[in-house]
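Visitor: I would like to learn how to read a protein model. Could we go through some features together?

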Amino acid sequence: MQVSSLNEVKIYSLSAGRSLPEWLSDRKKRALQKKDVDIRRRIELIQDFEMPTVSTKIKVSRDGQYIMAVGTYKPRVRCYDTYQLSQKFERCLDSEVVTFEILSDDYSKIVFLQCGRFVEFHSQHGHYYKTRIPKFGRDFSYHYPSCDLYFVGASSEVYRLNLEQGRFLNSLQTEASESNVCDINPVHFLFAMGTAEGKVECWDPRTRNRVGLLDCALSSVTADTEIDGLPSISALTFDGALNMAVGTSTGQVLLYDLRSSNPLTVKDHHYGLPIKSIQFQRQLDLIISADSRIIKMWNKDTGKMFTSMEPEHGINDVCLYPNSGMLMTANEAPKMSIYYIPVLGPAPKWCSFLDNLTEELEENPESTVYDDYKFVTRKDLENLGLAHLIGSTLLRAYMHGFFMDIRLYHKAKMMANPFAYEEYRREKIRQKIEETRAQRVQLKKLPKVNKELALKLIEEEGEEQQITRKRKQKNLPSLLKDDRFKVMFENPDFQVDEQSEEFRLLNPLVSKISEKRKRKLKILEELEAKGEEEEEEPEGKASDAESSESSDDEKDWVEEVRKQRKLLRQEEKLKRRERSKEDQQTLLKPQFFEIKEGEEFRSFKDSAKKQKLMKKTLEDRLKLEEKLGTLNVSDTTVGSKQATFKLKKSEQQRKQQEAEKRHRQERKTLRRSASHLKSKRGRGRLFH
């Protein structure tokens, strides 16, 4: 059982046992259970009070005997019997449950609104009936006098389903684009719904007419709140006949009296998260509001904070057990949490033993198991001389350090530093002496890094103090005392380089001022060495002469800039000469390249062309090949394009083809000449 306290209000977490380190083996855990009575008597209030992955909603029946919860995965509902302190039944569903309502005093009549627009009815034996609504639902309420279910969701209409007649009735037409939550007053049965536009519409179920409209989005904006967008209504609940609490998506809770359009109290959670649940605690006039990160309890009349809880996992729903101090939450974790707050009320009758346990715990304060271990970093181990134990069973790695036995730590510390008490005593004496010396005149101690910058800031601070005294203004904080700029005067990496080009051009007259500051620095160092308590003015020129020299003329500034530029040019020329000498000294050696067999060397231009061609995009290369004739693009009948490529031939293949062409042409000419001679001989024989 974990105990936390805020504003002197003790909160007992019944779902978590005593904190045990996760890296402890089962053997050590069993040994701790044998030694420690508290660990052996850990409380498991309700057996298997958990879901496989996540729990979304949790409610208690009106008779207080049954606790019902829905969650995933797979979508299911579990019912727990408080008289038996165990699970009674479990039913799996087809889709995830958005919300549900227990219509009877026990678990015999339940209605589930599911994310697939389904409305499922369960009786005592199990599934009874399933229907569907036109739009996706987000919340619903049951009107007992007429047996009507009012569904609100991603629509401007409010759907009505009559359970006595078994049919849908005419829906209520609203001005809202979408609705998120709804509730019915238990006294006069006024129906209220919260819209996505940040308004609350109130309807009379008897006449089916709207009787009121509240603009909660405008009322939630105060001088202290910072809102990025339009807040919508995320939670709504009634208390008695006249009070109504509204939660917004930006983390504000507004308490209304139905007779007034202005809120009585506006409470901000300061997290900017939507309000998930609002509960009223009537015994102490408290409101319990929760977002996904924190549960806050505050007085509904004054708005004063009573207490708060921040669970380890995200919160989905909060349920206050009636007439008791027990609080249950559905979390973004398998285990559902149970809290007991004795100030809110007594324990329920089925777990009345909690009162005796809490009284015993208050008499004997609890200590955690971590008290037997000491957390040390790697640097601490090196100082103690125990760095060689890293990797052994004596050290357990955790985050950025290790856990070790507290007895081993004390022994090692005594061996590493046996005079620790004497050093502690000297340190305390030194602190006492410094407190007495605080009234004396002290020297200005400058930091080790950027001494000149610190001296400049001290001088400017003195001048500003004189000006503010004359004008009677508040003094601004000094950079030397600001923790944000502390590293600039401690880390040597932040040292200002006065020889750099940027510094010399941006600060042309810094040389004169730096000389004066260097004199002051020498004087301060001498005074520190001598241990004098009063700061003397340095010898030499008088303060009037120094002030006259410190006045900056425009001519001096221009001349100083020119001098710095000339110096920089000369330095660049010297650097160039040194580079040229180094280049002349380096000898150029010839490089040889080997040509592959079957290739001829033409020039380096071809390789350069190939490199340029490879850098081009595919589109440019295709256009170039199309011009050369190696690519042919044509449209087909289907509507697609057909591309044909011709492979490029090497120089040797091209010469071989040209030789073959010549040979063919020579053979053709020889055949023609031979046929021509034969025809002439035939004609000569005929004439003879």
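Visitor: Which residues gather in a patch of positive charge on the surface?

Guide: This is a predicted model. The patch consists of Arg562, Lys563, Arg565, Lys566, Arg569, Lys573, Lys575, Arg576, Arg577, Arg579 and Lys581. One of these residues, Lys573, is found in helix α12, which covers residues 554-585.

Visitor: What is the average pLDDT of the protein?

Guide: The pLDDT is the predictor's confidence in each residue, from 0 to 100. The average here is 79, and 76% of the residues score at least 70. Over residues 532-550, however, the pLDDT is below 50. That stretch has 17 contacts in the model beyond near neighbours in sequence.

Visitor: Which peptide bonds are cis around tyrosine 73?

Guide: Start with the general idea. Most peptide bonds are trans. In this model, the bond from threonine 72 to tyrosine 73 is cis, with omega near -15°. The bond from tyrosine 73 to lysine 74 is cis too, with omega near 15°. Tyrosine 73 lies in the loop between β4 (66-72) and β5 (76-81), and lysine 74 is found in that loop as well.

Visitor: Is the phi of aspartate 48 positive or negative?

Guide: Again, the general idea comes before the case. Most residues other than glycine have a negative phi. Aspartate 48 is not a glycine, yet its phi is positive, at about 55°. Aspartate 48 sits in the loop between α2 (37-40) and β3 (54-60).

Visitor: How many salt bridges are there?

Guide: A salt bridge is counted when a side-chain nitrogen of Lys or Arg is within 4 Å of a carboxyl oxygen of Asp or Glu. The count comes to 15. One of them joins aspartate 94 and lysine 130, whose closest N and O atoms are 2.9 Å apart. This pair links distant parts of the chain, 36 residues apart. Aspartate 94 is in the loop between β6 (86-92) and β7 (97-102), and lysine 130 is in strand β10, residues 127-132.

Definitions and conventions:
Residues are numbered from 1 along each chain as its sequence is written. This is a predicted model: local features need pLDDT of at least 70, side-chain atom pairs count only at pLDDT 80 or more; totals for chains, interfaces and linings use all residues. Side-chain values use heavy atoms; hydrogens and water are left out. Contact means heavy atoms within 4.5 Å. Patches are made of residues with over 30% relative accessible area and no salt bridge: like charges are joined within 9 Å, nonpolar side chains (Val, Leu, Ile, Met, Phe, Trp, Tyr) within 5 Å. Accessible areas come from the Shrake-Rupley method with a 1.4 Å probe; for residues, only the protein chains shown count as cover. Lys and Arg count as positive and Asp and Glu as negative; His and the chain ends are not counted. The place of a charge is taken as NZ of Lys, CZ of Arg, CG of Asp or CD of Glu. Helices (H or I, at least four residues) and strands (E, at least two) are DSSP runs, numbered from the N terminus.
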